[in-house]
Amino acid sequence: MVKKVDLCVAEGILKKYTDGVSDLIPVLQDVQEAYGYIPEPVLYFIAERLNIYPSHIFGVITFYSQFKQKPAGKYIVKVCVGTACHVKGSERVSREIHELLKVKVGGTTDDGRFTFEEVACVGACAQAPMVIVGSDEYGKVVHGEVKKVIKKYQKS
Amino acid sequence: MTKNETMTNKPKIILGMGTCGVAAGAKALLEKVEGYIKEKKIDAEIVHVGCIGMCHEEPLLDIVMPKRTRVIYGKVTADIVSKIIHSHVQQDKPEKEHVLSQMLPDDGANPYPGIPYYEEMPFNRKQQRIVLKNCGFINPLSIDEYIARDGYESARKVLLSMKPEEVIDVVKRSGLRGRGGAGFPTGSKWEFCRKAMGDKKYLICNADEGDPGAFMDRSVLEGDPHSVLEGMIIAGYAIGANEGYIYVRAEYPLAVKHLKLAVPHARENGLLGKNILGTGFDFDIELKQGAGAFVCGEETALIASIEGERGMPRSKPPFPANKGLWGKPTNINNVETFANVPQIILKGAEWYANFGTEKSRGTKVFALTGKINRTGLIEVPMGISLKEIVFDIGGGISDGKAFKAVQTGGPSGGCIPSEIIDTPVEYETLAAVGAIMGSGGMVVMDNASCMVEMARFFLNFTTDESCGKCVPCRIGTKRLLEILERIIAGKAKGNEMDILVELGSTVKAASLCGLGQTAPNPVLSMMRYFKDEYEEHIKDKSCRAGACTALSRYIVSPDTCKMCGICVKGCPVDAISDGTKKSKKPAFIHDDKCIRCGICFEKCPFDVIYTKGAKKAVHAKEEALGEVKA
């Protein structure tokens, strides 16, 4: 199921980097920013250009939690499960989101609108429990608030 | 420029726009303020600042009128902000209802009567701000404001009048130790790297603050990025490096953004790049963003990550000081360590060493969070007791509940129970009680936190983040986690505590890097101080905190129930009957419908809901009645 991926974008990204293997992580970060994930054809393309094995890149992608191998939904819903959020009930928040979106952690809804993720600490512990949708941050998401937050993104 | 900025001729409206401020609604507030001053044609300047530390009062808004003291307002929502601006900016009358405090008029500014001073508030009285001196006071995007508060003065002093050895000597005499958690003396670390043989040396700032429950470095990078850059310039000069890297977590978008602006600003001002301040010293800084791996906080893993590899640690020696980035001598310090350096150079080693205790000098920044009244970012002199932090600065436990434990050092640390809460904050004393200083996360727990479940939480994290290179960590943490999960599920066999101690000690002793060497700390320290609770879980299959759902059941004490109806309203599955004034009967929780979410337990204002081990086959209501009578 290899879909056609436009390599021109990756070409443009690679032009900015000249240091070889030490550029790998920044290149992958830019690729993910542009494509939303790391498409397999792009992986092979980077391997060729940076002159490293595809297996090396695959190892790096699977090691770091930031990199995705599948396209994500329009909105990424992140529930912070850091210590402070955990103490303030993030487990319940996570459960509520799971029930609302009907996807597991790491999954994307069928309509491609939401991807549900858990992250370890976004550093806003005083606002625990935290939920981030796209780039919008919501603090002190107490019981019942989750629904309101998600609702905002269900239509637009 | 002083705290009250009396030089200003225009009213200033200052908004806290750090991550926590934004999460509390500062963006909506900003729009409202902009709209209001435009509409009313008010000639005022809007200033964005980083976190001032009082996260519990966010969103914060400060107003400075010409020649008056700076006044701080807390919990400012969009609907009250126009009232505040109308009263304060247009009439010079602070809006008393929402005002928190004003800054001390130490610069001749005219104070307002009847408003307490910021420095004298319980949250601030015991604090000592060295690293956080500028956070919340200056616009982090303005290098001029940093310079106006003695910024880059130390870099100038070092480059123009000091030898590298002299710089190292000052840092050594100041007693500064690594603020990333391990506490290695910074001056000695620099000296090793200075003396290491190599044609090229590197400097790295570790800004990969991965400890869940900590945000000290984020606040410094967001609120005062130039202090870190200045510390790095000084360190680069001291060790003889011309290239520096800041390895910053990608989960901190605002910190990344501020750094991306601060570095070019410093370059434009001749403070980074070639021939800095005409001294012939070259030094430049590049940003590297982490990609979400906790283990990259470990020095050698971080280096591997910058090199484009998987972030896996290697065994030491050779230490990075001899063989680091691309095999060259490398010095790595944490954000807070660097931010201390300019102040030490500026005011002297002796001044700095005056703060703190004999072995732990200076101050430490902590992220005070959890079930506490005043959450926030604090900086305290070393040697202060945890009790003072939790009760005097933090204002005690929220909702009037009882203090159970405070966790320091995150997944590498341990917990400190109420019996030894007088423990002073020092590297050695904290280690002696089974906790660690750590990078500065301090999470306060009340009776609703279960010590078995918390240990599971931390081990779940370390198991997930273990890089998998060495067996003790990869498999050992997994087995520890499985044992804890078994206890929590009510399937304990009886010998779990012995195995946890034995296996935990092995993982500590045999793991390759700091992650594995410290991963068993939470479970070991919790077993040490909460042995009864572990035994209850294992033998009685009961969880007193009500956090382990398989082991608990919620019960309303019928005699003390005030029938307020709060739990009935709060229950998401309608499992609570009666309990209202109308019903005239105490609340009753139907165990068959209860999903053990704990909402009623948390919401009950009179603490009459409690938990009981689920395995006892007695009807809940009868048991409750029986207990109350007994």
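Guide: Welcome! The bounds of the domains discussed here come from an automatic or database domain assignment. This is a predicted model, in which local features need pLDDT of at least 70 and side-chain atom pairs count only at pLDDT 80 or more, while totals for chains, interfaces and linings use all residues. Residues are numbered from 1 along each chain as its sequence is written, with chains lettered from A and ligands numbered from 1 in the order in which they are written.

Visitor: How far apart do the C-alpha centres of domain 3 and domain 4 of chain B lie?

Guide: Chain B is divided into domain 1 (12-120), domain 2 (143-351), domain 3 (363-446), domain 4 (451-540) and domain 5 (552-629). For domain 3 and domain 4 of chain B, the separation of the C-alpha centres is 22 Å.

Visitor: How many charged residues are on the side of domain 3 of chain B that touches domain 4 of chain B?

Guide: Eight residues of domain 3 of chain B are in contact with 13 residues of domain 4 of chain B; contact asks for C-beta atoms, placed from the backbone, within 7 Å. Ala, Val, Leu, Ile, Met, Phe, Trp, Tyr, Cys and Pro count as nonpolar, Asp, Glu, Lys and Arg as charged, and the others, Gly among them, as polar. That side of domain 3 of chain B has four nonpolar residues, four polar residues and, of the charged class, no residues.

Visitor: Which helix of chain B gives the largest share of the side that touches chain A?

Guide: The contact takes 34 residues from chain A and 42 residues from chain B. Helices (H or I, at least four residues) and strands (E, at least two) are DSSP runs, numbered from the N terminus. At least two residues each come from helix 1 (19-23), helix 12 (299-306), strand 11 (363-370), strand 15 (441-446) and helix 17 (451-465) of chain B. The largest share, four residues, comes from helix 1 of chain B.

Visitor: Is Met103(B) buried or exposed?

Guide: Met103(B) is in the loop between strand 5 (99-102) and helix 4 (122-125) of chain B. A residue is buried if 20 or more other C-beta atoms, placed from the backbone, lie within 10 Å of its own, exposed if 12 or fewer, and partly exposed in between. Met103(B) has 22 C-beta neighbours inside 10 Å, so it counts as buried.

Visitor: Which strands stand at the edges of the open sheet in chain A?

Guide: The four strands of this open sheet of chain A have the order 2-1-3-4, with mixed pairing; two strands pair if DSSP finds at least two bridges between them. A single partner strand leaves one side without a neighbour in the sheet, and so it is for strand 2 (114-119) and strand 4 (136-138) of chain A.

Visitor: What is the bridge partner of Val79(A) in strand 2 of chain A?

Guide: Strand 1 (residues 75-80) of chain A pairs with strand 2 of chain A in the parallel sense, over six bridges. In strand 2 of chain A, Val79(A) has as its bridge partner Glu118(A).

Visitor: What is the distance between the axes of helix 9 and helix 11 of chain B?

Guide: Among the residues that make this contact are Leu221(B) of helix 9 and His258(B) of helix 11. Axes are lines fitted to C-alpha atoms, for helices over the stretch in contact, and angles run from 0 to 180 degrees between N-to-C directions. Helix 9 (residues 216-223) and helix 11 (residues 253-268) of chain B pack at about 35°, and the distance between their axes is 8 Å.

Definitions and conventions
Contact = placed C-beta atoms within 7 Å.
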